[in-house]
Amino acid sequence: MWGSARVTFRRLATAVAGAPVERWAFVHHRTNQKSLKRSLPFMTSKGFCTYESQATEGFIPPDLLKGKMISTSDRAIGEYQDLVTRVTNFHNEDKGYMVLAGDVFDVPIRKDIVHRVVRWQLAKRQQGTHSTKTISEVSGTGKKPYKQKGTGRARHGTLRGPQFRGGATMHGPKPRSHAIKLQKKVRRLGLKVALTARAAEGKLLVFEDLTVPSHKTKNIVNYVSLMENAKKVLLVDGGIIDNQLKLATRNLHYVNVLPSIGLNVYSILQHDTLVMTRDAVDKIVTRMHTPINR
């Protein structure tokens, strides 16, 4: 079908039999994209498309209606296949569909890579400002406390040694960097694995935007309560975070906001639900496809 390229038609949302169709989508494998574009003129360069159809042209056949999402446990993980996801907003309104790049959101799960990236992040963020005073830095006199012989006591040349109260600390910590080296391609792979894990769990939500009507915290509380099994939520926007959204979330310990440039593995692992905007997904995919400068 469609020449030499493999194309898979996938149902995009649960619908009632006989309901009119607003959008159809085709998901193709990333192999032989040139021949696929010739066959599908509406296919974009990013490897996905949304094919518009009129609601009066026909209905969805009942045998194509399956009440399950694309990202389910029966799907093989790590096949580098593009995934179709529903786009909504805080009110759970249908805003269309989006295709997630398979080489970013469907890579093999590597726990060892995630462990290395988390260790690198935690080590790099340590301040390393710890410091203790040596015997030459501690405050106090350097006079010999008593004569060398004849007192019956142990011989000492100073009262600022490590064995005395208020004395120096031997072999104590000094300011230093705790950062360790990690290759850029490993860091990038760690982020892909974290995104893949959230997508496979069904905990990756794509929103049209993160617009809130006001800065009231109760709005975010109500929106999060509508999310299924969401205990801790990370909101990721493509650009600068809106000031109203900042004010609405800063008093909630279970909701955090990040721009797409700040998305990292450790933050994803700390939150069980990841909410990204369309813009954020596009920027993350572009960031993952950008060649690494050596």
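Q: Which residue does Arg 110 form a salt bridge with?
A: In this predicted model, Arg 110 forms a salt bridge with Asp 112, and their closest N and O atoms are 2.8 Å apart.

Q: Is Arg 110 buried, partly exposed or exposed?
A: Arg 110 counts as partly exposed because its relative accessibility is 36%, a value between the 20% and 50% cut-offs.

Q: How many salt bridges does the structure hold?
A: The structure holds seven salt bridges.

Q: Which residue does Glu 208 meet in a salt bridge?
A: The side chain of Glu 208 meets that of Arg 278, with an N to O distance of 2.7 Å. Glu 208 lies in the loop between strand E7 (204-207) and helix H5 (217-226), and Arg 278 lies in helix H8 (residues 278-289), so this pair ties together parts that are 70 residues apart in sequence.

Q: How accessible are the two partners, starting with Glu 208 and then Arg 278?
A: Glu 208 has 33% relative accessibility and counts as partly exposed. Arg 278 is also partly exposed, at 22%.

Q: Turning to Glu 93, what is its salt-bridge partner?
A: Glu 93 forms a salt bridge with Lys 95, where the closest N and O atoms are 3.8 Å apart. Glu 93 is partly exposed at 39% relative accessibility, and Lys 95 is partly exposed at 35%.

Methods
Residues are numbered from 1 along each chain as its sequence is written. This is a predicted model: local features need pLDDT of at least 70, side-chain atom pairs count only at pLDDT 80 or more; totals for chains, interfaces and linings use all residues. Side-chain values use heavy atoms; hydrogens and water are left out. A salt bridge is a side-chain nitrogen of Lys or Arg within 4 Å of a carboxyl oxygen of Asp or Glu. Buried means under 20% relative accessible area, exposed over 50%, partly exposed in between (1.4 Å probe, protein chains only). Helices (H or I, at least four residues) and strands (E, at least two) are DSSP runs, numbered from the N terminus.
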